[in-house]
Amino acid sequence: QRQMCIRDSGKEVPETQFMGYDTLTVSDAKVVAIVVENEQAEELMPGVEAIVVLDKTPFYAEMGGQTADHGTLCMGGVTFQVTDVQKNKGGKYMHSGKLAGGVLKLGDTVQAQVDADRRQAIMRAHSATHLLDAALRKVLGDHVHQAGSLVDEDYLRFDFTHFSAMTQEELMEVERLT
């Protein structure tokens, strides 16, 4: 994982304010750090992969088995394509991606825009994990516990504890309930 120390002018960059429960767009997000090849940078040129840290973000970071939001950071002719978001131990949301056009500089104010269709698909899969958990408990018993999951836009994986393989009848009943 990318748990790097991100500093701004010798002082620690404050943690990112997450606004993604209320909005998919933040129009005034400030670029507080740019990291290229594990080194902090003042600016980012087109075609370069980097990590961009903002003071606030609508992007959900990968955690708890749920994949991160994708989207863009835009300003004028600048477009940074976000393809991953990780939250480090210091509470900074690290937006990974590639600058498609323009020059992005430390201190710039950008519009952070989450891909709404992807977010909706991930939300549906997340809801499905709760429905699956409830159906498994109903069919197999209260001893069943979730032991992990992967929630993505196209699929979900749900790991659970149980003392034997499920029978065909149990599988069909869980499927009927979900």
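This is a predicted model: local features need pLDDT of at least 70, side-chain atom pairs count only at pLDDT 80 or more; totals for chains, interfaces and linings use all residues.
Accessible areas here come from the Shrake-Rupley method with a 1.4 Å probe, and for residues only the protein chains shown count as cover. On that basis the chain exposes about 9800 Å² of accessible surface, 49% of it on carbon and sulfur atoms. Residues are numbered from 1 along each chain as its sequence is written, and side-chain values use heavy atoms, with hydrogens and water left out.

As for overall shape, the C-alpha trace spans about 60 × 30 × 25 Å along its principal axes.

Of the 178 residues, 40% count as buried, that is, under 20% relative accessible area with a 1.4 Å probe, protein chains only. The largest nonpolar core has 23 residues, with L44, L54, L73, F80 and L104 touching the most other members; such a core is a set of buried Ala, Val, Leu, Ile, Met, Phe, Trp, Tyr and Cys residues joined through side-chain atoms within 4.5 Å. Its largest share, five residues, comes from β4. Strands here are DSSP runs (E, at least two residues), numbered from the N terminus.

Leaving aside neighbours within four places in sequence, L73 is in contact (heavy atoms within 4.5 Å) with residues including V52, L54, F59, F80 and V110.

Technical notes: Buried means under 20% relative accessible area, exposed over 50%, partly exposed in between (1.4 Å probe, protein chains only). Helices (H or I, at least four residues) and strands (E, at least two) are DSSP runs, numbered from the N terminus.
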